[in-house]
Amino acid sequence: MAELRCPHCGQAFTVDDTELSSIVQQIRDREFEKDLNSRVNEVQQHMQEKHRLELDAQEKKIILQTRETHEQELQKLQEALRNAQEQNRRLQSQIDSNADKQKIAVMEAVKQVEDQKRDLENDLNNEKEKHKLIVEEKDAQIQFYKDLKTRMSTKMVGETLEQHCEIQFNQLRATAFRNAYFEKDNDARTGSKGDYIYRECDENGTEIISIMFEMKNEMDQTATKHKNEDFLRELDKDRQEKHCEYAVLVSMLEADSELYNAGIVDVSYRYEKMYVVRPQCFIPIITLLRNAAQNALAYKQELAVVRNQNIDISTFEDSLMQFKEDFGRNYKLAHDHFDKAIEEIDKTIDHLQKVKKELQGSDNQLRIANNKVEDVSVKKLTRDNPTMQEKFAALKK
């Protein structure tokens, strides 16, 4: 154990050997560190002074070298500056030129967009007008076919029914009716007359067929409506007085009658060899009766030969029955063709109605397209176009 005394207060205290060794060691370490630091500071100051002197000498040398180098570099920089200034002037000129070109390009792009918009609007307007005309034309056609079905009329505007029938016949006279006579009945000696008489002879001058025609038409505004039956008796009388084999009433009366609108109507149950037809059956009834008469003429000629050869009369009766059957078959075929014509007219009306709906739908699409064109603007056209946006921004600056 060792006794130690505090140098400040004089108080004594005891420590063991271990503690004493630790305290001595601490004192030694502290003194060593203090001495070491002092030596380090001295060395550092010496080194700094030496380094400062070296730096001063080196700095003077560098300054001299640098001054020479700077003088050389200054000449090069002055030349580079002049080149840069010249290049800058050229670049500025190019920039100004490019700016003008950019401005012109933007203006041309805007004008092109506006021209395209205007052209598109004009095209849309033209298409709308065209579709409007087509729809109006289809409406007119639909109305025409509806009238054709209900009234069974062909073209009664600006001409009478008699003129219409005469024009129809004259169009075919040179080809189909070269040996036929078809003229107005101007003989009123018996007190009455029909409208037209048709007669046809063969090459030998033998009359094949003769038909008394009566044409009856009536305006829609007529207060008192006539019926076809009102004229049958007088027509039969004219047929007999003018010695005609057949009588045909070409009539526009009773326009809503399903009977007369069905085609050729045989009224021989009232008056012998008489028919009522609509104007479109005017030529078919002549053809039908003429073909039947030509067959009858052949049978008559055969009958004469049979009689000259004393052949049994039963042969003639069989031929006559065959003629009746052929005539009935021809009449049925003509009636069937007429029904098919009516069916085709109905189909045409349905088709035109569908075309009208399609055109109306197309007009709606044109309207939608026109709305889209109205919504077009330069801002929207350049929304996803960075190049155009940059050009417009530069133009604004």
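In the predicted model, Glu 183 has Ile 197 of β4 as its bridge partner. Strands β3 and β4 run antiparallel and are joined by 5 bridges; strands here are DSSP runs of E of at least two residues, helices are runs of H or I of at least four residues, and both are numbered from the N terminus. Two strands are taken to pair if DSSP finds at least two bridges between them. The open sheet comprises 6 strands in the order β3-β4-β5-β6-β8-β7, with mixed pairing. Because β3 and β7 (265-266) stand at the edges, each with a single partner strand, one side of each has no neighbour in the sheet.

This is a predicted model, in which local features need pLDDT of at least 70 and side-chain atom pairs count only at pLDDT 80 or more, while totals for chains, interfaces and linings use all residues. Residues are numbered from 1 along each chain as its sequence is written, and side-chain values use heavy atoms, with hydrogens and water left out.

Helix α2 lies across β3, β4, β5 and β6 and runs at about 160° to β3. Axes are lines fitted to C-alpha atoms, for helices over the stretch in contact, and angles between N-to-C directions run from 0 to 180 degrees; contact means heavy atoms within 4.5 Å. Helix α3 also packs on the sheet, touching β5, β6 and β8, and its direction makes about 140° with that of β6.

In α3 (residues 232-241), the buried residues are Leu 232, Leu 235, Asp 236, Asp 238 and Arg 239, where buried means under 20% relative accessible area (1.4 Å probe, protein chains only). These residues line one face of the helix, because they fall within an arc of 160° seen down its axis; the arc is that of the directions from the helix axis to the C-beta atoms. His 243, which follows α3, has a positive phi near 60°.

The largest nonpolar core has 36 residues, and those with the most contacts inside it are Tyr 198, Phe 213 and Phe 282. Such a core is a set of buried Ala, Val, Leu, Ile, Met, Phe, Trp, Tyr and Cys residues joined through side-chain atoms within 4.5 Å. Helix α5 gives the most to this core, with 11 residues. Leaving aside neighbours within four places in sequence, Phe 282 is in contact with Cys 165, Gln 168, Phe 169, Phe 182, Phe 213, Met 215 and Val 250. Apart from this core lies another, of 13 residues, among them Ile 197, Leu 232, Val 265 and Met 274.

Conventions:
Buried < 20%, exposed > 50% of the residue type's maximum accessible area, 1.4 Å probe, protein only.
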